Amino acid sequence: MSDYHLNRVLYERAREHKMAEAIGPDEVAAYDLTPEERAALADGDLDALFRLGANPYLIRRVFRRRFAL
Amino acid sequence: MTSHAPNMTATPDAAPEQRARFLAGLAEMRRRLLAARPDLVVMFVNDHVQNFFYDNLPAYCVGVGDTHWAPKGAATFLKIPQRQVPGASAWGKALLAEGLEAGFDLAVSHDLEFWDDVSVPAHFLMPEGTLPIVPVLTNCVAPPLPTPKRSWALGGFIRRFIGARPANERVALIATGGISHWIGVPNTGHINPDWDHWVLDTIAEGRGEELAGLTWDQIERDGGNGGQEIRNWIAVLAAVPGVKGEILTYEPVKEWLTGAGAIWLHV
């Protein structure tokens with residue numbers, strides 16, 4: 001399974017400088033994602049997103065507020 | 001060559017003593033850059049998934065626009081006013097054409113929007129915004145990445161290209177990014193000063209070619225995913241091989257999430 005659509009979710013938010021704590025299922029209903037990817041986004045589980053192939057720079061940009069620094 | 005990080009300007013009150021020492025190093029770099037009276041500057045930088053996404057992601061790209069945004073959409077976050085800096089379109093197009101002839105399959109962009117990669121160093125080194133910039137971008141952020149050896153070869157080509165230009169043309173080379181940092185990964189914020197000192201000392205001693213022998217795995221282990229940006233430095237080192245460097249500053253700045261160094265090459 002490609003991580004393309006997962007990264008697309010993050011990229012589109014990063015381009016618009018939108019930050020999030022988590023990204024709920026309603027927001028990503030239109031994307032071709034696996035149940036695992038949807039869960040990781042909904043939980044804001046950054047380690048899981050990384051494991052699933054999300055680009056770390058996009059994780060950082062979208063979930064910046066979740067990092068201590 | 002200098003590190004870049006958004007928090008250098010986005011969080012200006014953080015780590016005041018380290019910030020002052022690092023910025024003193026950049027001020028010295030700026031003084032030397034102005035004294036060299038360049039006509040243009042080639043900036044070896046990397047995208048941070050703002051221009052190039054996974055639908056179209058070049059290994060190497062030359063920016064040939066008449067202007068570049070540095071910054072645009074990131075201005076509020078970076079606390080740097082939105083501005084356009086001049087490009088050198090004809091020079092960039094010549095570099096592109098000659099590069100293709102020489103076997104470097106460079107991509108091209110006429111419209112680039114920079115983040116901290118160009119905007120932050122340019123804010124401190126070239127605040128006037130008058131020196132034309134030709135950006136050469138390397139994919140350092142979305143693996144698989146071009147090899148350090150290939151960046152060394154590209155820098156060698158750029159040396160030959162500049163050598164064939166009119167003798168009175170004065171070209172400065174700047175690389176940004178690196179040194180060690182871990183960004184957006186599970187150990188975000190880690191810095192490895194031992195590796196940073198090794199990189200800087202290796203360059204200072206004129207042995208920059210050793211960096212071209214690094215593998216992706218070695219860099220990822222010792223310099224983190226952010227350390228992969230060292231490719232930008234490697235291209236510049238290849239353009240002036242064997243020259244000695246002078247470390248202007250080094251600070252492992254926790255609040256910037258990076259080992260922050262700047263080094264001048266005595267060409």
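Which elements of chain B do the buried residues of helix 9 pack against? Select helix 9 of chain B, residues 230–239, to begin.

This is a predicted model, in which local features need pLDDT of at least 70 and side-chain atom pairs count only at pLDDT 80 or more, while totals for chains, interfaces and linings use all residues. Residues are numbered from 1 along each chain as its sequence is written, and chains are lettered from A and ligands numbered from 1 in the order in which they are written.

**Stop 1: helix 9 of chain B**

Helices are DSSP runs of H or I with at least four residues, strands are runs of E with at least two, and both are numbered from the N terminus. Now show the partners: the buried residues pack against strand 1 (40–45), strand 6 (133–138), helix 6 (148–163), strand 7 (171–175), helix 7 (193–204) and helix 8 (216–227) of chain B.

**Stop 2: B:Gly155**

Select B:Gly155, in helix 6 of chain B. B:Gly155 counts as buried because 26 other C-beta atoms lie within 10 Å. Leaving aside neighbours within four places in sequence, its contacts (C-beta atoms, placed from the backbone, within 7 Å) are B:Ile234, B:Ala235, B:Val236, B:Leu237, B:Ala238 and B:Ala239.

**Stop 3: the nonpolar core**

A nonpolar core is a set of buried Ala, Val, Leu, Ile, Met, Phe, Trp, Tyr and Cys residues joined through C-beta atoms within 7 Å. The largest one has 98 residues, and those with the most contacts inside it are A:Leu58, B:Val49, B:Ile234, B:Ala235 and B:Val236. Helix 9 of chain B gives the most to this core, with 8 residues.

Select B:Val49 next. Beyond its neighbours within four places in sequence, B:Val49 is in contact with residues including A:Tyr11, A:Leu58 and B:Val141.

**Stop 4: chain A**

The contact between the chains takes 18 residues from chain B and 15 residues from chain A. Colour chain A by element: there are 4 helices and 0 strands. Of its 69 residues, 33% count as buried. The C-alpha atoms of chain A fill a box of roughly 30 × 25 × 20 Å, taken along the principal axes.

Methods
Buried ≥ 20, exposed ≤ 12 C-beta atoms within 10 Å, placed from the backbone. Contact = placed C-beta atoms within 7 Å.
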